[in-house]
Structure formats: structure tokens, C-alpha cells
Amino acid sequence: MLVSSAKVKEFLNSPIRMLIDGEWVAARSGQTFDTHDPATGEVLAAVPLGRAEDIDLAVAAARRVFDAGEWSAMRPNTREKLIWRIADLMDSYAEDLGELESLDNGKSVGVATAVDVRFAAECFRYYAGWPTKLTGTTNNPSMLLADPAQEFHAYTRREPVGVCGQIIPWNFPILMAAWKIAPALATGNTVVLKPAEQTPLSALLLGEILVEAGVPAGVLNIVTGDGEAGAALSGHADVDKVAFTGSTEVGKLIVDAARGNLKKVSLELGGKSPHIIFADADIPAAVAGTIMGFTFNSGQACEAGTRVYVHADIFDEFTGALAEAVAQLKVGPGSDPESAITPLVSQEQLDRVTGYLEAGKAAGARALVGGERVGESGYYVEPTVFVDATPDMSIVREEIFGPVAVALPFTDEDEVIDAANDTVYGLAAGLWTKDLSRAHRVAARLKAGQVWINTFHAFDAGLPFGGYGQSGWGRELGSEALALYTQVKAVNIAL
């Protein structure tokens with residue numbers, strides 16, 4: 001394990017602790033779990049194994065601070081400046097955060113630094129502008145049951161929800177932390193964050209940054225642990241809202257756990273996104289976009305474009321060019337800037353992806369390129385494109401979460417829209433065409449929370465992200481995310 005950052009070396013060589021009520025503490029049980037470097041399988045660090053009792057302490061701290069109004073009642077412009085300072089500090093620690101993210105997740109250190117950390121900082125900047133802009137409305141009520149001579153004045157207030165439990169995934173740890181923490185803090189809430197057990201480290205370093213920025217004790221609490229901690233948080237009676245990003249299966253468990261006090265729930269879940277290549281597409285650009293669509297982050301992205309529908313007139317030409325380009329992608333560790341495909345996050349994920357590779361081949365699909373594990377150490381698989389698949393195969397219908405795509409031919413627009421929408425998911429979709437009318441027409445008919453045209457994986461902090469169907473509830477990013485962390489109060493006054 002090679003570590004170049006002095007900050008990361010110091011972090012890894014010090015006892016790893018959780019953040020509760022402004023203090024860095026061990027788990028109450030004293031137990032820890034190991035987090036590993038996916039490139040080698042080596043242990044990176046021992047991390048506190050938080051349990052329900054640790055969640056109780058964190059929630060109690062968040063509740064006390066929220067009820068006291070230390071954060072929610074802070075002048076909006078003061079909160080804005082503090083959140084902006086978080087973003088500035090993230091930029092100053094970008095190299096450290098990026099290297100730590102790469103070590104813990106396996107992704108390219110260059111991508112982690114230039115994309116994940118920078119975008120995370122921009123999320124804090126975007127939401128830093130909102131505290132002074134959270135407004136209500138004034139109303140002129142008719143009050144049909146009142147004396148017609150009586151006058152009224154009515155208005156609405158947008159207020160924070162309260163204590164927010166946030167559970168983030170392992171595929172984009174620092175970015176998902178920002179997507180959740182930034183709007184929650186901007187709207188005056190307090191937070192208990194539970195990082196994924198596979199990748200807890202960058203969230204803890206982010207916690208150090210928020211403490212350095214001056215966020216009051218108890219406003220942000222971070223409890224590391226496994227599913228037991230997540231279950232305790234999502235079911236906690238003193239948590240007012242839970243936000244979760246992860247699998248659809250776990251999302252359903254979150255909903256069940258939230259029933260006790262009917263807490264607000266937002267879910268960003270799985271996907272099996274269609275990527276449609278029409279006959280008039282710019283083929284070189286579409287090939288590059290398709291590769292980005294299913295190999296970015298080694299395919300470990302919920303919105304990955306893994307169902308590639310190609311018009312029959314160009315199917316052979318396109319898939320041939322795609323296979324040739326995919327075969328040139330270098331597989332290697334995230335520390336190597338030439339690595340296009342980095343390791344999967346864990347042995348469990350490696351077993352999952354290779355299981356789908358074998359299932360696809362057993363069902364009769366043909367790997368045009370790839371289809372195998374790479375090496376015996378680390379969690380690497382070849383980027384893979386299947387052809388000769390049928391719509392009922394697991395590789396077409398189920399989320400694989402690895403660098404695996406299936407190319408299927410189509411002949412007309414209605415046919416491909418029906419095929420694209422034939423899924424329980426609805427997170428994202430992409431299409432390539434030079435026909436502007438077709439682009440808008442197809443985008444309107446695709447059942448997906450976001451549609452990319454002649455691009456893929458294009459994000460902005462001001463654009464909402466979320467899905468239809470079993471891809472989740474609610475939207476993150478943009479002004480729409482403010483609704484996840486606020487509630488509206490109507491005030492009616494008889495004058």
C-alpha cells in the first residue's frame with residue numbers, strides 16, 4: 001500500500017474514531033472492523049463498529065442541538081459563510097481526500113480527486129447559497145366559514161425537518177456524503193451520518209473538515225458500522241427524516257423501519273439504465289459515450305447505461321467498434337493514472353459480478369469482449385460487452401454493478417422505447433441521435449428521472465437526480481432537494 005499524502009498517512013496511522021457530539025470516540029463496545037484496499041485486499045485500517053447504543057448517543061446529540069436552535073436559528077448569512085468555508089477546505093484537502101477515497105474504494109485517484117472531491121465541494125457551494133433564499137408565501141384566503149366582514153392575513157414558513165439520519169453507499173462515498181449533508185445543513189437540520197462499512201474513511205476525514213470549518217458540536221455526527229447501525233438509525237424514534245442511497249432491496253427495509261414514527265424518507269436506489277443508439281448517431285462519439293456509460297467507476301454506478309440498444313442497421317458496425325475500444329482499456333489499480341478499469345470495491349462485489357458473467361454465458365449470451373476475472377489478487381474483472389442476449393436473461397434485467405453491458409438490436413422507435421421502459425427501475429436513460437425532434441420525442445416517453453442526449457453521466461449541482469419506479473423516492477441535488485429537508489407551516493391570522 002503506497003501512500004503519498006502526509007495527511008492520509010497521519011490519518012491511517014492514528015486510531016480511527018467516530019464523531020459524536022463534537023468528540024472523536026471509539027464505539028461503546030470497543031469493537032472494530034477492518035476496511036480493505038480493493039487493489040490488493042490489504043487491511044487499510046480498523047474502524048469502530050458502531051451499534052445501536054452509538055446511534056442513540058449520536059441522535060441524542062443531534063436532537064439536543066436542533067431543539068436548542070443553535071444551528072437552525074443561526075442567522076442565514078452566517079450559515080451560508082460557514083458552509084462555503086467547508087467547500088474551500090475541501091478544495092485545500094482535495095489531494096488528501098482523493099487519495100484516501102482511492103485507497104478505500106479502489107477508484108482512480110485522479111478521478112476521485114478531480115471529479116468526486118471537486119464535485120462534492122461544488123455541492124457545498126451550491127447549497128451555501130440557499131439559507132438566505134428559503135422563503136414562504138403570503139396568501140389572501142377566502143375563509144368560507146368565517147364572517148364575511150372578518151379580514152385575515154395568511155402566510156407559509158419553510159422550516160427544517162429536524163434530526164436527519166443519512167446512510168450513504170460505497171460507490172461514491174465523499175460525493176454521496178456531500179449530496180446529503182450539504183442540503184440538510186443549508187436548511188437548518190442536524191445530521192447523523194452512517195457511511196457504508198466498505199468505505200468509511202473519507203466520510204470521517206470530511207467530518208474533520210467540518211469541525212475545522214466551525215460547524216457546532218452535534219450538528220454533524222458520524223457513526224461507522226454495518227447494517228445493524230443503519231437499521232438502528234432508520235428505525236430510531238427520535239429521527240425525523242432518513243435519506244438512503246443504495247440497493248432497492250435495502251431501500252425497502254428502510255421504508256419498513258421508518259414506519260414506527262412515520263419519519264420522512266427519501267431513497268436513491270438501483271437502476272438498469274437503457275442507452276439507445278439510433279442509426280443516425282455519430283458512431284465514434286456514441287462508442288465513447290457508451291464506454292463511459294457502463295465503465296465509469298468500474299460500472300459501480302446506479303445510473304450506469306448497461307442495456308445498450310443499437311439500431312439493427314448499425315449493430316455490427318457499432319458493436320465491433322465498441323468491442324475494439326473496450327479491449328484497449330487498461331485494468332489496474334487506482335494509483336495508476338493509466339488505469340481505465342480499477343478494482344471493484346470488495347470480494348463480495350467481485351463474486352457478485354463474476355457470478356453474473358457466468359450466468360450470462362450459461363444462458364447463451366456471448367461475450368464479445370471480456371467476460372472474465374483479471375488476476376488472482378485484488379478485485380478486478382474485465383470490462384465486458386455481451387451480445388446474443390434475450391430480454392429475459394438476468395444480465396439484461398438485473399443490476400450487476402460492474403463494468404458489464406449487454407448490446408441488443410432494435411428496428412424502430414416504438415420498439416426500443418417499449419424495451420427501454422421494460423424494467424422495474426427508472427433512474428436514468430441515454431440516447432444518441434442527430435435528429436432534434438426524435439431526441440425530444442423519445443426523452444419525453446422514457447420512464448426515467450434523467451435522460452442524457454448525446455452524452456452520459458453528465459451532472460450538475462443545480463439539476464435534480466432521482467428515479468421512477470423502484471429507483472427511489474424524491475430528488476437529490478438542485479432546488480428539489482430542499483423539499484427533502486424542509487416542511488411547510490401555514491400561519492393564518494384573524495385581523
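The following questions and answers go through a predicted model of one protein chain, from overall figures to single residues.

The model is predicted, so local features need pLDDT of at least 70, side-chain atom pairs count only at pLDDT 80 or more, and totals for chains, interfaces and linings use all residues. Residues are numbered from 1 along each chain as its sequence is written, and side-chain values use heavy atoms, with hydrogens and water left out.

Me: How many helices and strands does the protein chain have?
Reply: Helices (H or I, at least four residues) and strands (E, at least two) are DSSP runs, numbered from the N terminus. Counted in that way, the secondary structure of the protein chain comes to 15 helices and 22 strands.

Me: What is the radius of gyration of the protein chain?
Reply: The radius of gyration is taken over C-alpha atoms, and the globule rule is 2.2 Å times the number of residues to the power 0.38. For 495 residues the rule gives 23 Å, and the chain comes close to this, so it is as compact as a globular protein of that length. Along its principal axes the C-alpha trace spans about 75 × 65 × 40 Å. The radius of gyration is 24 Å.

Me: What percentage of the residues of the protein chain count as buried?
Reply: Buried means under 20% relative accessible area, exposed over 50%, and partly exposed in between (1.4 Å probe, protein chains only). Of the 495 residues, the share that counts as buried is 55%.

Me: How far apart do the centres of the positive and negative side chains lie?
Reply: Lys and Arg count as positive and Asp and Glu as negative, while His and the chain ends are not counted. The place of a charge is taken as NZ of Lys, CZ of Arg, CG of Asp or CD of Glu. With 39 positive and 63 negative side chains, the centres of the two sets lie apart by 6 Å.

Me: Which residue in β4 is the bridge partner of Phe 33?
Reply: Two strands pair if DSSP finds at least two bridges between them. Strands β3 (residues 32–36) and β4 (residues 43–48) pair in the antiparallel sense over five bridges. They form a hairpin with six residues between them, and Gly 41 in the turn has a positive phi of about 85 degrees. In β4, the bridge partner of Phe 33 is Val 47.

Me: Which side chains of β3 point to one face and are buried?
Reply: The side chains alternate along β3.

Me: Which are the edge strands of the open sheet of three strands?
Reply: This sheet has the order β5-β6-β22, with antiparallel pairing. Two bridges join β5 to β6 (residues 152–160), and nine join β6 to β22. An edge strand here pairs on one side only, which holds for β5 (138–139) and β22 (486–494).

Me: Is Leu 477 buried or exposed?
Reply: Leu 477 is in the loop between β21 and β22. Its phi is near 70 degrees, a positive value in a residue other than glycine. With a relative accessible area of 1%, Leu 477 is buried.

Me: What is the relative accessible area of Arg 118?
Reply: Arg 118 is in helix α5 (residues 109–128). Contact means heavy atoms within 4.5 Å, and Arg 118 touches Asp 91, Ala 94 and Thr 113, not counting residues up to four places away in sequence. Arg 118 is partly exposed, because its relative accessible area is 34%.

Me: How far apart in space are Ala 448 and Ala 494, C-alpha to C-alpha?
Reply: Ala 448 lies in the loop between α15 (436–445) and β20 and counts as buried at 8% relative accessibility. Ala 448 and Ala 494 are 46 residues apart in sequence. Their C-alpha separation is 46 Å.
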